[in-house]
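Subject: Handover of the model

Dear colleague,

I am passing the structure below on to you, and my notes on it follow directly after. Please read them with the coordinates open beside you.

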Amino acid sequence: MFPKQTIRIFISKFQDAIVTKNFSVGLATMFKIQNYINGKLQNALSGSEINSIEPATAHTFATIPKSNESDVAAAVLAAKNAFPAWSKLSGEQRMMYLMKMADGIEKRFDEFAEAESKDSGKPLSLAKSVDIPRAISNFRFFASAAQQFSSESHAMPDAINFTLRQPIGVAGCISPWNLPIYLFSWKIAPALATGNCVVAKPSEITPFTAFLLSQVCIEIGLPAGVLNIIHGLGNEVGQAIVEHSEIKAISFTGGTITGKRIASIAAPMFKKLSLELGGKNPTIVFDDCDFENTVSNVVRASFSNQGEICLCGSRIFVEESLYEKFKTAFVAEVQKLKVGDPLEADTKLGAIVSQQHFEKILSYIELSKTEGGKILCGGNALKPEGRCANGYFIEPTVIENLPHTCRTQQEEIFGPVTVLTPFKNESEVLEMANSVPYGLACSVWTNNISKANRIAEKIEAGVVWINCWLHRDLRTPFGGIKQSGIGREGGMEAMRFFTEAKNVCIKY
Ligand code: NAD
C-alpha cells in the first residue's frame with residue numbers, strides 16, 4: 001500500500017503549488033505533473049498521460065503528460081515569440097532572472113531534494129548534498145557568465161575584426177534520468193544566459209524536479225515562452241524537438257544509441273549538436289598510491305548514485321603487486337555500504353531507477369558469470385523490509401577474473417557493478433583501458449605525478465582525474481570522445497555552443 005506518511009508529506013508540500021491538482025486514484029493520492037508552455041502549466045494537448053513510478057516502492061505516485069509533436073509545436077511558437085525581447089536584454093538583466101531561478105530552487109530546497117529522491121530512487125542525502133546544490137550552482141554560475149561573456153577581436157594593419165557572439169534562437173535541451181535537475185539545469189542555464197529561448201525535455205522516468213522548476217519560473221516571473229518544459233516519451237517528444245525545423249541547436253545527454261539516432265536526424269538539418277553520451281570508465285590504481293584514500297574514493301567512484309553516473313568507474317585496473325591487498329580492502333569497504341530505503345540517513349545505495357533498468361543490470365551480472373567472472377561480493381537483487389519491499393534494489397557487486405575484451409568489460413551497465421583486473425605495467429593498462437568504444441572519464445591513483453601525467457596524456461577520455469574523482473570546477477570543459485559524444489559542455493564552452501560566431505571586418 002502507498003505509505004500514508006509519505007503521501008501526507010507530499011500533499012502538504014504541493015497544496016500550495018500554483019496550478020497543481022491532487023486527485024485520488026483508489027486509495028493512493030497521485031500528483032499531476034504538467035507541461036510548462038508559454039508561461040503556463042497545462043496538460044498534454046491530447047489529454048494522454050503516463051504513470052510515474054517511485055522505484056524504491058514500485059508504486060505509481062504521479063502522472064505526467066504524454067505529449068507529442070503538437071505540444072512541441074506550441075512550445076516552439078512560444079519560444080520564438082519570446083526570443084526577440086529575451087535576446088535583447090542585457091547580460092545583467094538575464095543574470096538577474098537566472099539568480100532568481102537559483103534562489104527559487106534554494107527556497108524550496110527540501111521539496112526539490114525529496115522529489116528527486118522519490119523519482120529516481122537515489123538516497124535523499126545524496127540529493128541534498130549533490131543534486132540540488134549543483135542545480136543551484138549551475139544557475140548561479142551561468143548567471144555570472146551572462147554578465148562576463150565576451151568575444152575576441154583580431155587586429156590587421158589596415159582593419160579590425162571583431163566577433164559577434166549571437167544567440168541561436170530556439171534551443172532544444174534533452175536530459176536523462178540519472179542526475180535529473182543537475183543535468184537539466186546544466187543545459188538550460190547557459191542556453192538562457194546567452195539569450196536563447198528553450199524547449200526542454202526531462203526524462204520521462206524522472207520528471208518531478210523539472211516540473212518544480214516550472215513552478216519556480218512562474219513564481220519568479222520569468223517572461224512567458226523563454227523556457228518551455230515538455231514531458232513525455234523520448235521517441236515522441238524528444239524526437240519532435242530534434243526534428244523541429246525552428247529548433248536550431250540540440251544539447252543532448254543520454255545513451256549512445258539515442259545519441260546516434262539524434263545525430264542522424266539533426267546532422268542533415270545542419271543543427272548545432274552537443275552530445276554527452278555513455279561511458280565505460282577506467283579507474284587505474286598503481287601500487288604507489290595513497291592506499292586508504294584510494295580505496296575509499298574508488299568505492300565512491302564505483303557506487304555513488306547506485307553506479308548510475310556516467311562518470312562512475314566500472315573497470316578497476318590494479319597494479320599486480322597491489323592487487324590482492326587492494327581487492328581485500330576494497331571488497332570489505334563495499335560490503336559495508338548500506339543498500340535500502342533512500343529516505344534513511346545511513347543509506348548509501350538507494351533503488352535502481354526503474355524495473356527495466358534493474359532487470360538489465362541483473363542480466364549483465366548473469367552474463368558476467370557465463371564469461372567466467374567470479375563474484376567477490378553482491379551479485380543479487382535485494383528486498384529491504386518495510387515500505388521498500390517491492391522496490392528495485394541491487395547489492396553493490398564486485399567481479400574479477402574477466403578478460404578486458406568480454407562484454408561485461410566492454411558494454412555500459414550503468415549500475416552498481418564493477419570489475420577488478422590486475423595489470424603489469426603502464427603500457428598494458430593503457431591498452432586495456434583504451435580498448436572500449438567509449439572515452440568519457442578516467443581516474444588515476446598514484447603518488448608519481450610523472451606517471452600520472454603520462455597516463456593522462458595517452459588515455460582516450462575527455463576528463464581525467466588524478467587522485468580524485470568527480471572533483472568539478474564548473475569552468476572546465478566537460479565531455480567525451482569516441483562513442484561518449486561530441487562537443488563540450490561547461491563554462492565558456494557551453495556559452496560558445498549556444499551562440500553563433502559572426503566575424504565582422506572593418507577596413508580603416
Ligand atoms: P536515454 O538516451 O534513454 O534518454 C535520454 C533522454 O533522451 C530522455 O529524456 C529520453 O526521453 C530522450 N530520448 C529517448 N529517445 C529519444 C529520441 N529518439 N529522440 C530524442 N530524445 C530521445 O538515456 P537514459 O537512459 O535516460 O540515460 C542514461 C544514459 O545517459 C547512460 O548511457 C549514461 O551514460 C548517459 N549519460 C551521459 C552523461 C554524460 O555527460 N556523458 C551524463 C549522464 C548520463
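The protein chain holds 16 helices and 26 strands, where helices (H or I, at least four residues) and strands (E, at least two) are DSSP runs numbered from the N terminus. With a radius of gyration of 23 Å, close to the 23 Å that the globule rule gives for 508 residues, the protein chain is as compact as a globular protein of that length; the radius is taken over C-alpha atoms, and the rule is 2.2 Å times the number of residues to the power 0.38.

Please bear in mind that this is a predicted model, in which local features need pLDDT of at least 70 and side-chain atom pairs count only at pLDDT 80 or more, while totals for chains, interfaces and linings use all residues. Residues are numbered from 1 along each chain as its sequence is written, and side-chain values use heavy atoms, with hydrogens and water left out.

On the chain as a whole, the C-alpha trace spans about 75 × 65 × 40 Å along its principal axes. Buried residues account for 57% of the 508 residues, with buried meaning under 20% relative accessible area, exposed over 50%, and partly exposed in between (1.4 Å probe, protein chains only). Of the contacts (heavy atoms within 4.5 Å) between residues at least 6 apart in sequence, 74% join residues at least 24 apart. The accessible surface comes to about 19,700 Å², of which 53% belongs to carbon and sulfur atoms; such areas come from the Shrake-Rupley method with a 1.4 Å probe, and for residues only the protein chains shown count as cover. The chain has 51 positive and 51 negative side chains, and the centres of the two sets lie 5 Å apart. Here Lys and Arg count as positive and Asp and Glu as negative, without His and the chain ends, and each charge is placed at NZ of Lys, CZ of Arg, CG of Asp or CD of Glu.

Turning to individual sites, I would begin with strand E8 (residues 159-167), in which asparagine 161 lies. Asparagine 161 counts as buried because its relative accessibility is 10%, and its side chain makes a polar contact with the side chain of asparagine 503 at 2.9 Å. A polar contact is a pair of N or O atoms within 3.5 Å; within protein, one must be able to donate a hydrogen and the other to accept it, and residues adjacent in sequence count only if both atoms are side-chain atoms. Leaving aside neighbours within four places in sequence, asparagine 161 is in contact with Glu152, Ser153, His154, Met156, Asn503, Val504 and Cys505.

The loop between E8 and strand E9 (170-174) contains glycine 169, which is buried at 8% relative accessibility. Glycine 169 and glutamate 500 are 331 residues apart in sequence, yet 9.9 Å apart in space, C-alpha to C-alpha.

Valine 170 brings in glutamate 246, for the two are 76 residues apart in sequence and 6.9 Å apart in space, C-alpha to C-alpha. Glutamate 246 sits in the loop between helix H8 (234-243) and strand E12 (247-253) and is partly exposed at 30% relative accessibility; not counting residues up to four places away in sequence, it touches Val76, Lys80 and Val170.

In helix H4 (residues 109-120) lies alanine 115, which is buried, with a relative accessible area of 0%. Alanine 115 and phenylalanine 208 are 93 residues apart in sequence and 6.1 Å apart in space, C-alpha to C-alpha.

Glutamine 306 has a phi near 60 degrees, a positive value in a residue other than glycine; it belongs to the loop between helix H10 (291-303) and strand E15 (313-319) and is buried at 0% relative accessibility. Asparagine 467 also has a phi near 60 degrees, but lies in the loop between strand E23 (463-466) and strand E24 (481-482) and is partly exposed at 31% relative accessibility.

Finally, proline 403 is located in the loop between strand E19 (397-400) and helix H13 (407-410) and is partly exposed, with a relative accessible area of 41%. Proline 403 and glycine 415 are twelve residues apart in sequence and 20 Å apart in space, C-alpha to C-alpha. Not counting residues up to four places away in sequence, proline 403 touches Glu371 and Gln409.
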